[in-house]
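Subject: Structure for you to look at

Hello,

Here is the structure I said I would pass on. Please open it alongside this message.

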Amino acid sequence: MGMSGLSEHGEGGLERGAVDLQRYGHALMGTFGVPMRVLTRGEGSYVWDADGNRYLDLLGGIAVNALGHGHPAWVEAIASQAATLAHASNFFATEPQIALAERLLDLAQAPTGSRVFFANSGTEANEAAIKMARKTGKGTIIALEGGFHGRSTGALALTYKEAYRAPFAPSSVTWCSCLSTMSRRWPMRWRPMRRTFRRSSSSRSRVRRA
Ligand SMILES: Cc1ncc(COP(=O)(O)O)c(C=O)c1O
């Protein structure tokens, strides 16, 4: 029995997947419209939908699930890390992070001096590429006709399709000082937090030991 609490057929005789997609339409923003199917599980190269149909997964999460679904070694690696240490921010390094970067440099046979930048998504990787191009002082970025680069605003600025790009073109930003407002208005119980904010820019590298 799934999360909707329906066993075989839902309201009005609809199949489980159709019921879930109705719920999707009510609960999630329609950025891509309502999806075609609800997938419930995967195994290797196959996925199953909410109505029990099996499919050969030729999409792979749009070319990101190169290892397929549920491989025991992959599951073990994720479960073991989750049980050991969760997200650590970029204030701290972790050993698996360093080992993976070294392995990638090795596999890519990257020239001496190369470095890895980890990103959470394709769009963030493209943002990093845009920033790196800017940082080297290059004024022009070349993007392919028909290309899509992700949903963040920098990546959208390179996206060919006007309907995706135009509504999110850069607009002007007004900066207002949050800390000067806080210094006048923060209640006593928040004052230690305010001191931390002020210190963090000058002493980021200092880490307090427990
Ligand atoms: C060609 C291409 N670049 C970038 C992206 C963005 O990737 P992500 O969804 O991981 O941000 C996509 C996503 O569909 C894509 O197809």
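Below is what I found, going from the whole chain down to single residues.

The model is predicted, so please start with the confidence values. The protein chain has an average pLDDT of 85, and 79% of the residues reach at least 70. Residues 1–8 are the part to treat with care: their pLDDT stays under 50, and the model gives them 9 contacts beyond four places in sequence. Where pLDDT is low, predicted coordinates should not be read in detail.

Overall fold

The protein chain contains 9 helices and 3 strands. Read from the N terminus, the order of elements is α-β-β-β-α-α-α-α-α-α-α-α. Of the 210 residues in the protein chain, 5% are buried. Taking contacts between residues at least 6 apart in sequence, 25% join residues at least 24 apart.

The strands

Strand 1 (residues 39–43) and strand 2 (residues 46–49) run antiparallel and are joined by 4 bridges. Leucine 39 sits opposite aspartate 49 of strand 2.

Helix 3 covers residues 72–84; at 1.5 Å a residue its 13 residues should span 18 Å, and the end C-alpha atoms are 18 Å apart, which agrees. Helix 3 is hardly covered, with a count of 0 buried residues among its 13.

For helix 4 (residues 95–107), the 13 residues should likewise span 18 Å at 1.5 Å a residue, and the distance between its end C-alpha atoms, 18 Å, agrees.

Backbone angles to check

Most residues other than glycine have a negative phi.

- Alanine 63 is in helix 2 (residues 60–63). Alanine 63 has a positive phi of about 65 degrees although it is not a glycine. It counts as exposed because it has 8 C-beta neighbours inside 10 Å, where 12 or fewer is the cut-off.
- Glutamine 109 lies in the loop between helix 4 and helix 5, just after helix 4. Its phi is near 45 degrees, a positive value in a residue other than glycine. Glutamine 109 is exposed, with 7 other C-beta atoms within 10 Å.

Isoleucine 142

Isoleucine 142 is placed in the loop between helix 5 (122–135) and helix 6 (153–157). Is isoleucine 142 buried or exposed? It is exposed, because 7 other C-beta atoms lie within 10 Å. Its C-alpha atom is separated by 8.2 Å from that of leucine 158, which is 16 residues away along the chain.

The ligand

The residues around the ligand are Ile62, Ser121, Gly122, Thr123, Phe148, His149 and Gly150. By class, this shell has 2 nonpolar and 5 polar residues, and no charged ones.

Regards

Terms used:
Residues numbered from 1 in each chain as written. Predicted model: local features only at pLDDT ≥ 70, side-chain atom pairs only at ≥ 80, totals over all residues. Near = placed C-beta within 6 Å. Nonpolar A, V, L, I, M, F, W, Y, C, P; charged D, E, K, R; others polar. Helix = DSSP H or I, 4+ residues; strand = E, 2+ residues; numbered from the N terminus. Expected span 1.5 Å × (residues − 1). Buried ≥ 20, exposed ≤ 12 C-beta atoms within 10 Å, placed from the backbone. pLDDT = per-residue confidence, 0-100. Contact = placed C-beta atoms within 7 Å. Pairing = 2+ DSSP bridges.
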